[in-house]
There are 2 protein chains.
Amino acid sequence: MFASRFFISTLKEAPSDAEVVSHQLMLRAGLIRKVAAGIYTWMPTGLRSLRKVENIVREEMNRAGAVEVLMPAVQPAELWQESGRWAHYGPELLRFQDRHQRDFVVGPTHEEVVTDMARRELKSYRQLPRHFYQIQTKFRDEIRPRFGVMRGREFLMKDGYSFHASHDDLVREYRNMHDTYSRIFTRIGLQFRAVAADTGSIGGTGSHEFHVIAETGEDDIAWCPQSDYAANVELAEALAPNAARPSPTAGLQKVHTPGVKTIAELANFLKIGAERTVKAIVVEGDDEAGRAPVLMLVRGDHELNAIKAQKLEGIADPLAFASAEAIQAAFGAAPGSLGPVGFKGRVIMDRSVAALADFVIGANQDDWHYTGANIGRDFTEPEVADLRNVVAGDPSPDGKGALEICRGIEVGHIFQLRTKYAEALDCRFVDENGREQVMEMGCYGIGVSRILGAAIEQNHDARGIIWPASIAPFKAVICPIGFDKSEAVRETAKRLHDELVAAGVDVILDDRGERPGAMFADWELIGVPQRIVVGDRGLKDGVVEIQGRREEQASKFSPDEAVDETVRRLTPQTTD
Amino acid sequence: MFASRFFISTLKEAPSDAEVVSHQLMLRAGLIRKVAAGIYTWMPTGLRSLRKVENIVREEMNRAGAVEVLMPAVQPAELWQESGRWAHYGPELLRFQDRHQRDFVVGPTHEEVVTDMARRELKSYRQLPRHFYQIQTKFRDEIRPRFGVMRGREFLMKDGYSFHASHDDLVREYRNMHDTYSRIFTRIGLQFRAVAADTGSIGGTGSHEFHVIAETGEDDIAWCPQSDYAANVELAEALAPNAARPSPTAGLQKVHTPGVKTIAELANFLKIGAERTVKAIVVEGDDEAGRAPVLMLVRGDHELNAIKAQKLEGIADPLAFASAEAIQAAFGAAPGSLGPVGFKGRVIMDRSVAALADFVIGANQDDWHYTGANIGRDFTEPEVADLRNVVAGDPSPDGKGALEICRGIEVGHIFQLRTKYAEALDCRFVDENGREQVMEMGCYGIGVSRILGAAIEQNHDARGIIWPASIAPFKAVICPIGFDKSEAVRETAKRLHDELVAAGVDVILDDRGERPGAMFADWELIGVPQRIVVGDRGLKDGVVEIQGRREEQASKFSPDEAVDETVRRLTPQTTD
């Protein structure tokens, strides 16, 4: 490709409404242009990357045995009425009436259409399993579109739906998709994690989100760099510390802590680390004793995890913090000075608290705390449970290293729908024994356009985008210095272009006649992985210069070597 | 591809609302399934053909120098208000309000969006010309969707828009697109014609429609099998007959023709051919004489062409037939017995009438005609003009043969928009002299999904579709007889499959275990170009059978020869 036959349009500054770096860079590099809020035109450069993502997704879905279809964007309301979503879906659902006053939606997702198709086409167990997918433009009327293509209103999505005769077979396909999604994101070249969205067990009524790791992500993820463990922070298990509880060395001593309410104030007042204090939280129980207060203890530097707390036996659902009156009645003090010493009710401590000795805790008297508190000696040994959010450095629940906390951008989601839609739309098959049964369903989504934003969030520097080669708009760019003036430069540049094309490299030759500085800046902004500079000065010495987008310096090669070297640099390194 | 990993779903009968054969066959062959009126799901088999059309279009557009983009389906109303189409576009335009009550449309076409892009991106003559195109799902709320994908509401379209510094350059690109479209339809393998939609001159403010020739088309086309001439019947020029007017041999004789009103009745009454009679039509003039009646004469077997008649000097625009009163006053008779003899007003005769002698014409007296009428002798020599529709057998206007009349399905349209949208949206550039000028624009559409319907209308038989190989869902199918029972059959079928794949042939192996009759019927219905039958009986003689979809009989080849033979049959024959 010659740049003069293509269309490059870069900007010095991003518009001020671009909040995140990927949005700014996509605008500056000319990948997208805004048409309305959350609605973009994919410009030639951006579309090339989009199609590359699309093709990788398609190839891997086909390889996994899914079959591509293309369902309509416009769907009749009747199907949504049948599933019940017509009433329940919020204003993100774009609804309209056609010229004959019939109700339609512009589909944000296709469970209804595909289930309607399945109930017409799949009648027998012999036709199962089936997995249909499509890659299609979707519309969701987001209330506040932002982050460019990461939370746009019109976007490209791969959505797949599988149909099964049994839950076991659904689980088989769910695993297959788990592996396929991992292959897709690995092949694209992204650092990602499959995050258990609930139970963490792939066999359960499960759901996994695939997140690209990036500082700017919207979700907090606990992950283990030494293994493939990952979970939403709120769902990751906090293991007990390895070390056993030390023996007490200090005596219980009541100290006056006037005005001290928070752990930070307490640690500061006593000049100790927060990890030597214990936080007391009082929630409502829910058992034969009614809504009696339950005391929960977590280490001062930890946070109570409400989801974990609520899942315990005898705890009110949803989780409810005890009222000031109930606390006063049960403890004789207000929050800020609470503790287990002398408390008659139920006490549950986090696994980390269970490993403490000689800690600081409230004395159940306003403005007083105990130092040198010890479990068993100063109060009855409480129940132990996982009560807190994990923090960086915690051991990974799979025992393979230490957790890190990062932010993630959700780019994929796999989900065992089970019979939710099949029941509603009466999607049945005849089993081997001639009995009618409701199908089991899975659904599997990938945000195709969103992947580009996520890839940029993960891969950029001050000069611009750093594309993984698999989805770069071009894998290499030839930058000739003086293309119009020097015949040697022109001939060499064209020859390298033709030889790279012949070698299967997606290359662009910049024949626009820009000055070197502006030309280099454009291609660094656009993020093309390999740059080949052809200039008279180098040619005099018989060399051209190759520089990877992440490299600080160029390397010199003869024009004859340059093609092989470029191919070599672009060939994925197999690590196994 | 193995059929068990694909999804084949054929029907014995097409639903009764499928009026045309392509719609029936697309449903029966499982290419599409209806979701709502004019809204379809593309099933796996249909989607494969759709993607093949799309890829041919994309490759040829890229080769022609156009650059692909992807504009949003959803467009803000502001742009349509700027162009004026918000007010003028009819109910085919799907309009809606988003959750913030802002007006949007689901774009049936993208002139506004692309012109908005051009006015932001293209500032200088140095950036021109530019041609942006996209392949995208469109929505038009047709009042009566029908013919399946040929007149659906949601459909796939290639729309391209070019921007130019001058009309000359627009004409250059228009010719380029004329050639590109011809290449596309030739490569797909369709019999088509580029039909002049108005002037017929490619350089004018022109427009050409590309029609696939098919009996079931909606448009009448005059075309010349000996050349590339084609035009809408209403626009094709009817040349003068080659032979000069014979000398009179009969005298003018007034005959009583009681109750005879039409040409058919007249010819029948007089026992002569309609081509020996002349039809008189009275229209309103429009000149200094006011709306005086003008008499137009065409041969009895011809039809007056209203467009041609109206274009003549001094004829009312729009064309108006004279009232019964005006005719009575001017001719003294009612329609059915009119003629030029004794008429004092303006008379215009068609070129074919000008070559007649001894013809029959109305006598301007109710129920009376003249036989033996002759021009010049019996009435003043009238003006001569092209007044009629062409008919089959007329000489082609390019002098290269005789015209045929056929029906066509419009699958492409190229159009010189000139400055219509650029003026409205103020899309300007700075020319070489530093002056601001409005851009010249062209637009170029291809109905990608419609092509499939048109291809089937042109290529089918009683057994089903006959795909051109270029867009067949599969180019070859291997039909094993007893796949599950015979190891020899299974091994040979698999080996042929793998070898054909290795040879680049898009092949499917039918391992569904259907009986031969049902299996063959499925693939004939689906229209796969080459079928290879592998059975124990043949293998005993060392052969498999290959049969082209248009062939009545199979030919025998050894399994080793079969791959080469299949490749040979699928290789396009170059004719130049």
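**Cysteines, then chain A**

A search across the whole structure, over all chains, turns up zero disulfides. Keep in mind that this is a predicted model.

So what is a disulfide, in bonding terms? It is a covalent bond between the sulfur atoms of two cysteines. The cut-off used here is a pair of sulfur atoms within 2.5 Å.

Take A:C406. Is A:C406 buried or exposed? A:C406 is buried, at 11% relative accessible area.

Now chain B. For B:C427, the closest cysteine sulfur belongs to B:C443. Those sulfurs are 14 Å apart, which means too far for a bond. B:C427 is buried too, with a relative accessible area of 0%.

On to chain A as a whole. How many helices and strands does it have? Chain A has 15 helices and 30 strands. Its C-alpha atoms fill a box of roughly 90 × 70 × 45 Å along the principal axes.

Next, burial and contacts. Chain A has 576 residues, and 57% of them count as buried. Look at contacts in chain A with a separation of 6 or more: 68% come from residues 24 or more positions apart.

Last, the surface and the charges. Chain A exposes about 24,000 Å², with carbon and sulfur atoms supplying 48% of that area. Chain A carries 69 positive and 85 negative charges.

Conventions: Residues are numbered from 1 along each chain as its sequence is written. Chains are lettered from A and ligands numbered from 1 in the order in which they are written. This is a predicted model: local features need pLDDT of at least 70, side-chain atom pairs count only at pLDDT 80 or more; totals for chains, interfaces and linings use all residues. Side-chain values use heavy atoms; hydrogens and water are left out. Buried means under 20% relative accessible area, exposed over 50%, partly exposed in between (1.4 Å probe, protein chains only). Helices (H or I, at least four residues) and strands (E, at least two) are DSSP runs, numbered from the N terminus. Contact means heavy atoms within 4.5 Å. Accessible areas come from the Shrake-Rupley method with a 1.4 Å probe; for residues, only the protein chains shown count as cover. Lys and Arg count as positive and Asp and Glu as negative; His and the chain ends are not counted. The place of a charge is taken as NZ of Lys, CZ of Arg, CG of Asp or CD of Glu.
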